[in-house]
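Here are a few exercises to work through with the coordinates open in your viewer. Try each task first, then compare with the steps below it.

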Amino acid sequence: MLLYFGIGLCCLSGGAADWVVRNGAPAAGALLRHGEWEKEDGRLVNSEIHRLLPARDFYRGDRFLVSCRLALEKFEGTAAALVAGEIIWGFDGGEKNGFFVEIPGCEVRSFGRPDGVLPGKPFDVALTGENGEMTLAVNGKEVGRVSYDKGRNLDIHLRPHRSRMSVEKFSIEGTAAESRLAAMPALQIPGLLPLGKAVRVALPYSGLVKPGVCQAKLENVEFPCPVGTDEVAEIPAEILEQAYRAQENRFNTKCLKLTLADRQGGGGILALTVFDPGRRNEFALGRVRRFNGSCGFAIDGEEIGAMTGRLSCSARGNGFQPSAAREFGRLGIHGNIVLLAPWNHLKKGRLDVGAFLAEISEILGRILAEDPEGMMMLQFPLYMDFAWLDAHPEELIVLNNGRETLHNAPGKRRQPSYASEAWRRDAGQVLRDAVEALRNSPMADRIGYLRLNYANCGEWNHWGYHENAFVDYSQPMQRAFGRWLEAKYGTVEALRKAWGDGEVSFRSDRLVPSREVRLAGGEFFRTAGGKTRPVIDYYTFFQEFAADTILHFAKIVKEVSGRRLLTGAYYGYYFGHYGANPYHFQDSGSYAAGRILRSEEIDFIGGPYPYESRRETLILNGLAQSARLHGKVWESEGDQRTHYSGDVNKVYGTTENLSESIAVAKRDFMVNLERGASYYFFDFYQNWYRDPEFMATVGRLREIDAALRKIPRRDSAQVAVLFSEEAIPFLCNRSEAKGLGGFAATVRTQLSRLGIPADYYLLSDLDRIDFSGYRVVIFANSYRTDDEMIARIRRYAARGNRTLLFLYAPGMVGEDARFEPEHSRKLTGIGLRVEPEKSFDGISSAWSRTRRAPLRPRISIDDAGATVIARFPDGAPAGAERRFAGYKSIVICDPLPDAVYLRGLLVREKVVLRASGRSGLDQVNFAGPLVGVYSRSGGPRTLWFPKPVEVVADLFSGEILARNAKQLDFEAPKIPQTRIFFAGSAADYRYFQSARNCKPEKQKDPQLP
């Protein structure tokens, strides 16, 4: 078997092999949990998704040879694999990909399926490692090779994943580095153990200790522990009770560590999950609490702070990183996100409650073994099992291109339409059963949070963009759209007139617009009269329907939990999806956040940051300050790619080194703090945050957050920016509509560089915004505003001698999908002209000029009574202003000028500039007395404060930089850096000073009161 490897490891052949499996039976080199693998026909067999077949030892990476003979029952993309350290050699990437290799931070490489590898037929695998190169051969022929870190010890194991794997032999030649058991902090004992009676604990691995009486310690309680030949340890009831009561925390379910040692030197540490059956079970009480201009989570009355948790594991504990759980818990971050997979426990749409609870109890046990204060933040997907899908083909989504698969669905199977009543009923019952079972379990008080997941990646991004397809053409969706149309139009005649279609009715089976109809319209606006009205109606309906679908399930969670669980969803990706044409913009369904935020059934929404240009600048994906207005939380997914995330993540912002990772982490903290948002850490189970310096930074940021919550926070924004959801259906979704993507890119890269604090809201929240502190209100994309909205703008914003700044085509798009210049004048008071065939590539004013890619249509000023303040390159008026009673109106005929132009315009309108641009425009974020400056180039910088402040200090170095100052001058380095300054009163600074772990001489300042 080894002869075909004459490529450098011949010296290993003939050496002593450590057998993991020999002749289809576990050998001395195996470390198997009891009952996880079974002997069958001379092979060791398993088909459970997370039951690995590991070697007892870790091996040095310098030179090794792994040999095995195995068979897979099927090749259907099961991802069955041989794993060596961080490198996964996959045997089944599906028909298209075949064998593959997956390396963290790199693209997956596919090799195809080798000849002779067939379902059920054994094949030989040989994996060699030498001189930093790893090579895989199958049936004597090389399949692929990759480089690896030979200095790291390797965890070598087989994983069946989603296949049934049978193993005839499995051996390793190399140098054992350390015992796997010794490396494990504690061995998890599955299940929940009750107080009140003696318990018998089956040892998870054979040979852990010798039969007889062991020296044992349960937490700090020592006792003699008998272990039988059946490898079961017995713990007396009084010992269990004593150890449980000694652990001081408020929870019912606790982790107790059992240390066993026999006289022959054997032993180990076991983690037991114990509960008191006499205690009443109830969920933790989750609430959204308003404080200091923000909204945040409180669990059982305790404020959680801006950092809510970290990704812990997926179903059955997959991906769990013990050291990460331990380190985050040490910092006081006890939230553990658990990505559940309830569809694994469904049988024709019915939940196996016992199996579901058993899985979660095992996950909780792992968490508590590392963090005794740990809480679970559950993410609950609403996918259905395959048997249900087979029984309900008419309820599944239908793609316009006829594709039968979905890239990110379980098993890539088509899933139910949002509009499927059968799915709503059955998934709702699954959810109801799951929440009720958890509420009645001893684990309940470890749970105060549940996030509802569905569609692509669970983020309520509707299916289709991975499939290059429009959805949803299923009959359930056709019927739901028909009902919405009937509610809107009332009569068939009105519908036919609006659509320009003499045959359409509310019961037509082709109401959802075709691909051709969806792509009709202009380059920026969907303006083609009746031709585009069906699309505008559909996208208006679909945003509402997607939001209502989330609320349907959220209501179940609230009802069954007694309104105790914080309930939310991934939703409201305003900037990340804006202009992501053709399949990821309106088709995401993500533009009814205002509708969701007005509901009592939802406590939070949120999602990852926009992925573009993350290293340069960052904004939140949605309108967090609107969430705050409604007493909700925007919770960001902090999937920051650190220097450990690899080249494959460069497009998502992989940093170059630890220093840049820390700079980005500080910046991200300030971005969330500025918007009053929360966030969690999400590293895809890769432990990207493992540097002690990085974790120390996280700890300091948490201290700063806690200190900020102890003082009155007074934000000083003089600018509000309002974004419209009502305009979204009227915008084009053709891929060539670059202007829309340009708008989103300018928001991401320019608004954050203004050097001026600005608040962002939904336009629909006009009546909730306190405008008293704003000098300028920017209406970023108010292209579609009805008479009611115009009246609200007049009532709430157009007063106080402030400036209303309208961009590009305010109020220009009418209900019938045509341009309406007169309606625009009603909104702004300034006349505009539409020039459909003209494009423009920039504007200029006295204070600046801006350039952009050519865009049509050109909107220009057509008002002799207005004062022109901007022009197009050909001299045509591109901006104007008029003063009215109580306010000034300005129209700038550009979707969104760059930061330099806007800075000049805002300063012209008496807005206070807070940061200089002498050495380039940095990202500057403001949160009460805190100012964060994220710079990527060197040079002098200046910060100005609205009024003199008593103390200016660097919150990381502890250095006091100025006193009684109105400005701060400092030098930025040439490398990425974030500095977080305190600029406020001496009394408030004491909170930040006392919290930090700095040198004594920096803590004390004789000039502070």
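**Exercise 1. The nonpolar cores**

Task: find which residues have the most contacts inside the largest nonpolar core.

Solution. Start with the term: a nonpolar core is a set of buried Ala, Val, Leu, Ile, Met, Phe, Trp, Tyr and Cys residues joined through side-chain atoms within 4.5 Å. Buried means under 20% relative accessible area, exposed means over 50%, and partly exposed is in between (1.4 Å probe, protein chains only). The largest such core has 220 residues, and Tyr-578, Phe-723, Tyr-783, Ile-892 and Phe-992 have the most contacts inside it. Next, ask who contributes: helix α11 (residues 533-560) gives the most, with 16 residues. Another core, of 41 residues, lies apart from it and includes Ala-84, Phe-99, Val-138 and Val-167.

Before going on, some housekeeping. This is a predicted model, where local features need pLDDT of at least 70 and side-chain atom pairs count only at pLDDT 80 or more, while totals for chains, interfaces and linings use all residues. Residues are numbered from 1 along each chain as its sequence is written, and side-chain values use heavy atoms, with hydrogens and water left out. Helices (H or I, at least four residues) and strands (E, at least two) are DSSP runs, numbered from the N terminus.

Now zoom in on Phe-723. Contact means heavy atoms within 4.5 Å. Not counting residues up to four places away in sequence, Phe-723 touches residues including Tyr-574, Phe-575, Leu-623, Phe-743 and Tyr-760.

**Exercise 2. A strand and its sheet**

Task: work out in what order the five strands of the open sheet with β47 run, and which are the edge strands.

Solution. Two strands pair if DSSP finds at least two bridges between them. The order comes out as β47-β48-β51-β49-β50, with antiparallel pairing. β47 and β50 (960-972) are the edges, as each pairs on one side only. On average, neighbouring strands are turned by 20° against each other, direction ignored.

Next, look at how β47 meets β48 (residues 930-935): five bridges join the two antiparallel strands. Val-924 stands opposite Val-933, and Asn-925 stands opposite Gly-932. The hairpin has two residues between the strands, and Gly-928 takes a positive phi near 60° there.

Then check the cover. Five of the five residues of β47 are buried: Gln-923, Asn-925 and Ala-927 on one side, Val-924 and Phe-926 on the other. Helix α15 (residues 658-674) lies across β47, β48 and β51 (977-984), at about 45° to β47. For such angles, axes are lines fitted to C-alpha atoms, for helices over the stretch in contact, and the values run from 0 to 180 degrees between N-to-C directions.

**Exercise 3. Two polar side chains**

Task: is Asp-922 buried or exposed, and with which side chain does its own side chain make a polar contact?

Solution. Asp-922 sits in the loop between α20 (899-908) and β47 (923-927). It counts as buried because its relative accessible area is 8%. A polar contact is a pair of N or O atoms within 3.5 Å; within protein, one must be able to donate a hydrogen and the other to accept it, and residues adjacent in sequence count only if both atoms are side-chain atoms. The partner of the Asp-922 side chain is the side chain of Arg-941, at 2.4 Å. Asp-922 also touches Ser-752, Arg-753 and Tyr-934, among others.

A polar atom of its side chain lies 2.4 Å from the backbone oxygen of Thr-785. Leaving aside neighbours within four places in sequence, the contacts of His-823 are Thr-785, Asp-786, Asp-787, Ile-790 and Gly-811.

**Exercise 4. Cysteines**

Solution. A disulfide is a pair of cysteine sulfur atoms within 2.5 Å. The count by this rule is zero. For Cys-255, the closest cysteine sulfur is in Cys-313, 14 Å away, so it is too far for a bond. Cys-457 has its closest cysteine sulfur in Cys-313 too, at 18 Å, which is again too far. As for accessibility, Cys-255 is buried at 6%, whereas Cys-457 is partly exposed at 41%.
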